[in-house]
Amino acid sequence: MANSIPEIPIPTTQTAALIENPGPDATVVVRDNLPVATPGPNEVLVKLEYSGVCGSEIRALNAWGVYNPIVGHEGVGTVVQAGKNKTATALLGQRVGIKWLYSACDETGSEGEVATASSSACSACRRGFANNCARQLNTGKQVPGTLQQYAVADARFVTTNIPSTLPSEIAAPLLCAGLTMMGAQAKVDAHVGSLPKNEDTWVVISGAGGGLGHLGVQLASSQKAGRYKVIAIDHGEAKRQQSLDAGAHFFIDYGQSDDEIEKKVKDLTGGEGAHAVIVVSGAQAAFRTAPRLVRNMGVLVTVGLPVADFMLPVSAALCSARSLTVTGVSVGTEEQMSELLQLAAAGKVTPAVEVRTLHEVHDVIEQLRTDSVTGRIVVKIPE
Ligand SMILES: [Zn+2]
Ligand SMILES: [Zn+2]
């Protein structure tokens with residue numbers, strides 16, 4: 001039997017946004033007669049307040065993979081029912097965050113107790129990277145996502161330490177967009193290491209004005225939470241302004257030739273190119289341009305998710321001759337999540353959020369598909 005908070009009655013049906021006909025004719029419909037699920041022993045039922053809408057949901061709409069009809073993986077809400085196990089019941093009544101990582105094979109993951117990861121866990125989990133678990137389940141993919149009133153979540157993997165000063169609509173984009181950029185930033189930091197003083201370290205962020213990008217700029221920029229000079233690449237006045245507000249030192253509009261973009265980056269970086277290029281955008285052109293913007297011994301960090309059969313256009317000879325590193329990132333660890341929440345509570349990282357309704361999800365995903373969302377759109381879940 002699941003435990004619930006006595007004063008909050010849990011309905012048997014609920015409202016959710018569903019993707020129908022994934023592919024070219026996909027639509028998102030709102031239905032109000034869907035069953036409310038019951039949490040299993042290690043699970044909780046979360047009454048959601050807000051859910052961010054991630055650019056990666058385009059994949060579900062386009063049928064670039066098999067997804068649950070209910071997507072969304074940036075949910076904030078309150079635990080109203082819990083399974084019988086202690087980790088679940090301990091969360092009753094608490095505000096929690098639901099992320100892309102629904103569960104991993106290392107069941108100690110949620111507490112950050114990496115040292116005690118069971119020996120049967122996969123090697124990524126044993127190293128403390130449950131976000132790279134080989135046997136992970138994902139919210140909105142194998143299990144229903146957060147664009148619904150009541151979502152079941154695994155109590156061992158929800159985020160439990162959202163500072164009380166952070167409103168839920170501000171916390172939501174941190175759960176995927178922010179966390180992913182923490183993961184990307186960690187890769188850049190590890191690669192760049194320490195550099196001689198008085199030498200600028202340059203990071204190009206491609207797709208800088210979007211949901212992930214603007215948080216990535218804030219995390220990287222020496223004018224905000226980071227230590228780098230940031231060159232933001234995106235398109236249009238709104239994204240230029242968003243990138244500069246986020247702390248970018250320079251902005252380059254991608255509405256010009258690769259030659260021109262390369263020349264601008266080289267001019268800004270003493271002729272060598274940036275130390276790191278983070279490709280946040282899922283646009284194929286962004287991946288094509290990236291290798292031309294990085295200096296010798298530099299790192300390319302891929303974050304964006306283009307269609308599955310698109311290959312990274314970087315020649316093996318170029319990688320060898322210029323000693324390039326190419327690495328990818330998929331969200332981040334719970335430790336990075338905690339660090340990010342502290343940065344947000346301290347005002348060093350602030351998501352730019354626009355709140356919309358559940359009925360607008362179709363339009364929101366269309367806007368994401370045409371790359372016309374500046375900052376993050378967050379949906380208010382009906383009460
Ligand atoms: Zn996401
Ligand atoms: Zn694992």
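Donors here are N, O and S atoms within 2.8 Å of the metal (3.2 Å for Na, K and Ca), and water is not among the atoms, so sites may look incomplete. For four tetrahedral donors the ideal angle at a metal is 109.5 degrees.

Helices (H or I, at least four residues) and strands (E, at least two) are DSSP runs, numbered from the N terminus. Cysteine 122 counts as buried because its relative accessibility is 9%, and cysteine 133 counts as buried at 4%; buried means under 20% relative accessible area, exposed over 50%, and partly exposed in between (1.4 Å probe, protein chains only).

## The zinc site with a histidine donor

The zinc ion (ligand 1) is coordinated by Cys54 (SG), His73 (NE2) and Cys176 (SG), at 2.0 to 2.2 Å. In sequence these donor residues are spaced C-x18-H-x102-C. Cysteine 54 lies in the loop between strand E4 (43-52) and helix H1 (57-62), while histidine 73 lies in the loop between H1 and strand E5 (75-82), so the pair ties together parts of the chain that are 19 residues apart in sequence. Cysteine 54 is buried, with a relative accessible area of 5%, and histidine 73 is also buried, at 1% relative accessibility.

## Helix H6 and histidine 214

How many of the residues of H6 are buried? The count is 10 of the 10 residues, so H6 is largely enclosed by the rest of the structure. Its buried residues include Gly211, Leu212 and Gly213, and the buried residues of H6 pack against helix H5 (177-192), strand E10 (202-206), strand E11 (229-234), helix H7 (237-245), helix H11 (334-345) and strand E17 (376-380).

Histidine 214 lies in helix H6 (residues 211-220) and counts as buried at 0% relative accessibility. Leaving aside neighbours within four places in sequence, histidine 214 is in contact (heavy atoms within 4.5 Å) with Ala208, Gln242, Ala246, Thr350, Pro351, Ala352, Gly375 and Arg376. Between histidine 214 and phenylalanine 129, which are 85 residues apart in sequence, the C-alpha to C-alpha separation is 24 Å.

## Valine 30 and strand E3

Valine 30 lies in strand E3 (residues 27-35) and is partly exposed, with a relative accessible area of 25%. Not counting residues up to four places away in sequence, valine 30 touches Thr15, Ala16, Ala17, Leu358 and His359. The C-alpha atoms of valine 30 and isoleucine 19 are separated by 9.0 Å, although 11 residues separate the two along the chain.

## Two positive phi values

Most residues other than glycine have a negative phi. Alanine 63, which is not a glycine, has a positive phi of about 65 degrees; it is found in the loop between H1 and E5 and counts as partly exposed at 37% relative accessibility. Valine 331 likewise has a positive phi, near 40 degrees. Valine 331 lies in the loop between strand E15 (325-328) and H11, and at 8% relative accessibility it counts as buried.

## Confidence and conventions

The chain averages a pLDDT of 94, and 96% of the residues score at least 70; pLDDT is the predictor's confidence in each residue, from 0 to 100. Over residues 109-115, however, the pLDDT is below 50, and this stretch has 12 contacts in the model beyond near neighbours in sequence.

Residues are numbered from 1 along each chain as its sequence is written, while chains are lettered from A and ligands numbered from 1 in the order in which they are written. Because the model is predicted, local features need pLDDT of at least 70 and side-chain atom pairs count only at pLDDT 80 or more, whereas totals for chains, interfaces and linings use all residues, and side-chain values use heavy atoms, with hydrogens and water left out.
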